[in-house]
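Q: I would like to go through this model with you. Could we begin with the strands and then turn to the details?

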Amino acid sequence: MGRRWRDGRGELVVHGTTGQGAGREGAAPVVVPLELATSYRARTNGLLGRDAVDGAILLSPANSVHTFRMRIPIDVAYLDRDLRVLTVRTMKPGRLGLPRLRSRHVLEAEAGAMEGWGLRAGARVEVRVEPTATAAAGGAEAG
């Protein structure tokens, strides 16, 4: 299930977890503003130099992150190819995260935000991409 996105904006839809102790199971999905960073340059820049994050940023493809030169602590969620959360970690500035074996995408947000969205291991997310000018002119955008 290969996904190809382009740098841009969209929405992250958090559908909650399944199984025991889910807490959000059956609850309405949470929709969060999303920035997509899919090019090498955008992934490299990520959240560096920012004092705040509006929603989340998706790094794709990615299986690890670092917080060197970051100003704020962040939540990091590692996603598999089906956009299911493998694990969520909070990282302080100046740290190096270990690569996650099955991770294909990484979500980053301000520390504490993901808990508020109900994003935890086992949760499924959906990425909705805003149409771009080229897509509106007749091109196709995968999502």
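Q: In which sense do β1 and strand β7 pair, and over how many bridges?
A: This is a predicted model. In it, β1 and β7 (residues 125-129) pair in the antiparallel sense, over five bridges.

Q: Which residue in β7 is the bridge partner of valine 14?
A: The partner of valine 14 is valine 125.

Q: And what about β1 and strand β2?
A: Strand β1 (residues 8-14) runs antiparallel to β2 (residues 30-37), and seven bridges join the two. Within β2, leucine 36 stands opposite glycine 8.

Q: Changing topic: where is aspartate 80?
A: Aspartate 80 is in the loop that lies between β4 (74-79) and β5 (85-91).

Q: Is aspartate 80 buried or exposed?
A: Aspartate 80 is buried, and it has no salt bridge. The nearest side chain of opposite charge belongs to arginine 102, 4.4 Å away.

Q: What does aspartate 80 touch, then?
A: Leaving aside residues up to four places away in sequence, aspartate 80 touches Leu86, Arg102, Arg104 and His105.

Q: What is the average pLDDT of the chain?
A: The average is 84, and 83% of the residues score at least 70. Over residues 133-143, however, the pLDDT is below 50. That stretch has eleven contacts in the model beyond near neighbours in sequence. Where pLDDT is low, predicted coordinates should not be read in detail.

Notes. Residues numbered from 1 in each chain as written. Predicted model: local features only at pLDDT ≥ 70, side-chain atom pairs only at ≥ 80, totals over all residues. Heavy atoms only, no water. pLDDT = per-residue confidence, 0-100. Contact = heavy atoms within 4.5 Å. Pairing = 2+ DSSP bridges. Helix = DSSP H or I, 4+ residues; strand = E, 2+ residues; numbered from the N terminus. Buried < 20%, exposed > 50% of the residue type's maximum accessible area, 1.4 Å probe, protein only. Lys, Arg positive; Asp, Glu negative; His and termini not counted. Salt bridge = Lys/Arg side-chain N within 4 Å of Asp/Glu carboxyl O.
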